[in-house]
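User: I would like to go through this protein chain with you, starting from the overall fold and ending at individual residues.

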Amino acid sequence: GAVDISYGGGGVTCGATSGVGTLTLNGVTVDNNTATQGPGGGIASGACGNLTIVNSTISNNTAGSAIAKTGGGVDYLSQCAGGSQLHISNSTFSGNRATYTGDAGGGLHISGGTATIQRSHFVNNRAANASLTATGLGGAIAHLGGTLNVSFSRFVGNVGTNGSGIWQTNGGATTADDSSVGVSIPIG
């Protein structure tokens, strides 16, 4: 799929920018989608939605524009007062890219809510431009707010100017237990 509207979601859109809703993907592949004018090359999840990804693959998706340049694989936006939930388990994020200069979250971009990632792999995701030069933050994950808990997960071959694995801003809290970060990619 490909989308060129300002909200994004090249493959899947869950909730609009002000919407609510719950989306569960179990045993699903979201592959080779593009959002050229908004966030979330593979999936864009709206402001008050809950998103669960289980036993799934998010791969080869691209987000990138001057408007919204986040979440090559998934862009998860939470602006609810009560906080929404993102759950990812037994899943793989691979080959996703956030491509515009200053982009964030090659594989996954999280802004707010509570995110839990368990037994998942983040491999070869990039916050990088079309020539694959690192230009953004968080090759695998960019975490801009809320709480992120990662356990029993693996990060290998991801590329970003800062945080090739996970990039964290001051607005959030990240805990990582029993996880591994492999192959360090030099940034040039």
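The questions and answers below concern a predicted model.

User: What share of the contacts in the protein chain with a separation of 6 or more joins residues 24 or more positions apart?
Analyst: A contact here requires heavy atoms within 4.5 Å. Among those with a separation of 6 or more, residues 24 or more positions apart account for 82%.

User: Is Asn96 buried or exposed?
Analyst: Asn96 sits in the loop between β12 (92–94) and β13 (97–98), and its relative accessible area is 0%. Since the cut-off for buried is under 20%, Asn96 is classed as buried.

User: Which residue has its backbone nitrogen 3.0 Å from a polar atom of the Asn96 side chain?
Analyst: The side chain of Asn96 reaches the backbone nitrogen of Asn60 at 3.3 Å, so that distance falls within the 3.5 Å limit for a polar contact. The backbone nitrogen lying 3.0 Å from a polar atom of this side chain belongs to Asn61.

User: How far apart in space are Ala44 and Asp75, C-alpha to C-alpha?
Analyst: Ala44 belongs to strand β6 (residues 43–45) and counts as buried at 1% relative accessibility. Although Ala44 and Asp75 are 31 residues apart in sequence, their C-alpha to C-alpha distance is 4.9 Å.

Note on methods. Residues are numbered from 1 along each chain as its sequence is written. This is a predicted model: local features need pLDDT of at least 70, side-chain atom pairs count only at pLDDT 80 or more; totals for chains, interfaces and linings use all residues. Side-chain values use heavy atoms; hydrogens and water are left out. Helices (H or I, at least four residues) and strands (E, at least two) are DSSP runs, numbered from the N terminus. Buried means under 20% relative accessible area, exposed over 50%, partly exposed in between (1.4 Å probe, protein chains only). A polar contact is a pair of N or O atoms within 3.5 Å; within protein, one must be able to donate a hydrogen and the other to accept it, and residues adjacent in sequence count only if both atoms are side-chain atoms.
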